[in-house]
Amino acid sequence: MAVKVRGKGVISGIAIGKIMLAGQNLDGYLVNYKPGTVAEEKEKATAAIAAVAKHLQESIETMQKNDEMKEQAAILEAHRMMIQDPMMAQSIEDKIDELKNAPRAVLKASEEQAKMFEAMDDEYFKARAVDLRDVGKRVAKYILGVKEPEIGDEKVILCGHEIEPSVIAGMPTDKIAGVLLGSGSTTAHAVIIAKARAIPTIVGLNKENRIDKIADGDRVILDGERGEVTINPSQEEIGSYQEKIRKQEELAAHYAALKDLPAVTKDGVKVKLAANIGTHMDVDNALNYGADGVGLFRSEFVFMGREEIPTEEDQFKAYKEAVEKCAGKLCVIRTMDIGGDKPLPYLNIPKEDNPFLGYRAVRISLHRRDLFLPQLKAILRAGVYGRVAIMIPMIINIAEFKQVKEFIEEAKMELAHEGKVYANNVEVGIMVETPAAAVMAPAFAKYVDFFSIGTNDLVQYTLACDRGNASISYLYNHFNPAVLRLVQRTITAARENGIWAGMCGEMASDPNAAVLLTAMGIHELSMSAPSIPRVKEKLRSITSIQAKELLADVMKMEDGDEIKEYLNKVLG
Ligand code: PEP
Ligand code: MG
């Protein structure tokens, strides 16, 4: 029987392939290295830094020509800057004086800096330690004459405690079948890149040395859904997974056939199904799943994975591409939702005891005009290239919304003054993701153009239940009657005031919840693109009368689990 190891599946999908260990061990090379004089070693280090920087620059320029590789290009650009940092050069020189050995000096200097990052509390900074070790190792490899791993014809599954981002970024997309990481970080750049490329990925294999059981060249089955790796599987196991892959493909084909059909109940009630995206690169994928536009563009991803605030121009390019790709369908761009579980190191926000209740999202935007105005200006300018809407996260009172509107007017005035074209008729709505916004929805409805219910946060705030805490996840239920009442109240307020109400939290991707929401009168459901066909199929299988009857039954119930079970029984 083959050995199985488990981690945390972060990108679903099944991959069968051969392991390529990434992150080579340099010990053997270091032992055999014969250093020259101190002056020679310094020269070698300087030459190696220049050569690596040049090689990185060439890769960056090639990648920048390809839209889908821009994110990777940004990461390599950060590496180039790290290795050319004068402080790094000085530190390497000092270490050469001490160790009289260029590769060891480079490794020690980058390790010291990496350790400084690792000691920080912030998850994002911790993850940057990998980048520093990565560039240090590249330079050391250059001095030692170590070649990068050769890529053959076969697809590989990359595996390492920490995989240097440059290894993934530098490999052609069609050569990586999967990624296995010993470290548990989901914000590692390696994971960010894998996500953009939809590569099945498992992290957190380091406990009890599980990753050490996997050797270079092993054949494995990677199950991203279950977070399970089968090492050297039997023919039977491969067969059973091939059967799963076949079923996955069959289901995909079945769903693909639904792509151009509307999401409509048997008796003609239509609901718009849109997609949640993180970057403009996700739009094509969303449209392939049949998305009717974008209901949530999480713009904070434009701010993440970089060293400084993106300029108005950088943001304009990203939003414009998304809006253009939507080709006339609405693209709802949410303004930066930083804070909570999404830190942004360069904002230097002090550590908080309760980040989910703290300085986050619109609270930051309203204090930081240097952040907010360029973002609003970029969105307004992108609006010229299609249909765009602005959505504000974490609103709790009307005063905040009024301030946002003032900012938008100011952004327009600045744009007019600068002679830049912008869309004047952009809808402005709010995320209803706090109980305060939901309770006050009838009042908000008089000011805003739309609501989008963010159940990920609404559930956590209503039930006082951290959305990321596994030990209380049994309480985190979007069918909790308190949540259902707030959702219904919001949709009713929208209908009564002639504005539209959507939902962009995870609840929208639950087919049974979609039936209840349709009965409540929701206009739009926005979700991760792969969920669209499932929800569509469910809505097409019922009548609105059945949905209303179910809603009436459910609203009489007192317990979320009971509601969930009841819907499972009736709807499957
Ligand atoms: C939500 O809170 O439901 C939501 C969609 O936003 P996020 O998950 O980004 O907080
Ligand atoms: Mg939210």
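A surface patch here is a set of residues with over 30% relative accessible area and no salt bridge, with like charges joined within 9 Å. In this predicted model, one such patch carries negative charge and gathers E558, D559, D561, E562 and E565. One of its members, E562, sits in helix 23, which spans residues 560-571. With a relative accessibility of 39%, E562 counts as partly exposed, so it clears the 30% cut-off for joining a patch.

The magnesium ion (ligand 2) has E433 and D457 as its protein donors, through OE and OD respectively, lying 2.1 Å from the ion.

Turning to the backbone, K100 has a phi near 55°, a positive value in a residue other than glycine. The residue is found in the loop that runs between helix 4 (86-99) and helix 5 (102-118). Its relative accessibility of 44% puts K100 in the partly exposed class. A361 is another non-glycine residue with a positive phi, this time near 50°. Its place is the loop between strand 11 (330-334) and helix 13 (362-367). A361 counts as buried, at 0% relative accessibility.

Salt bridges come next, and the count reaches 36. One of them pairs E237 with K4, the closest N and O atoms being 3.8 Å apart. This pair links distant parts of the chain, since E237 is in helix 9 (residues 235-256) and K4 in strand 1 (residues 3-6), 233 residues apart.

K42 takes part in a salt bridge with E93, where the closest N and O atoms are 4.0 Å apart. Here K42 lies in helix 2 (residues 38-64) and E93 in helix 4, so the bridge ties together parts that are 51 residues apart in sequence. E93 is partly exposed, its relative accessible area being 33%. K42 also forms a salt bridge with D97, and in that pair the closest N and O atoms are 2.9 Å apart. Again the partners come from distant parts of the chain, with K42 in helix 2 and D97 in helix 4, 55 residues apart. D97 has a relative accessible area of 38% and so is partly exposed. Elsewhere, salt bridges with shared partners join E312, E313, K377, R381, E414, E418 and K420 into one network.

Notes: Residues numbered from 1 in each chain as written. Chains lettered and ligands numbered in written order. Predicted model: local features only at pLDDT ≥ 70, side-chain atom pairs only at ≥ 80, totals over all residues. Heavy atoms only, no water. Patch = residues over 30% accessible without salt bridge, like charges linked within 9 Å, V, L, I, M, F, W, Y side chains within 5 Å. Areas by Shrake-Rupley, 256 points an atom, 1.4 Å probe, with all protein chains shown as cover. Salt bridge = Lys/Arg side-chain N within 4 Å of Asp/Glu carboxyl O. Lys, Arg positive; Asp, Glu negative; His and termini not counted. Charge placed at Lys NZ, Arg CZ, Asp CG, Glu CD. Helix = DSSP H or I, 4+ residues; strand = E, 2+ residues; numbered from the N terminus. Buried < 20%, exposed > 50% of the residue type's maximum accessible area, 1.4 Å probe, protein only. Donors = N, O, S within 2.8 Å, 3.2 Å for Na, K, Ca; no water.
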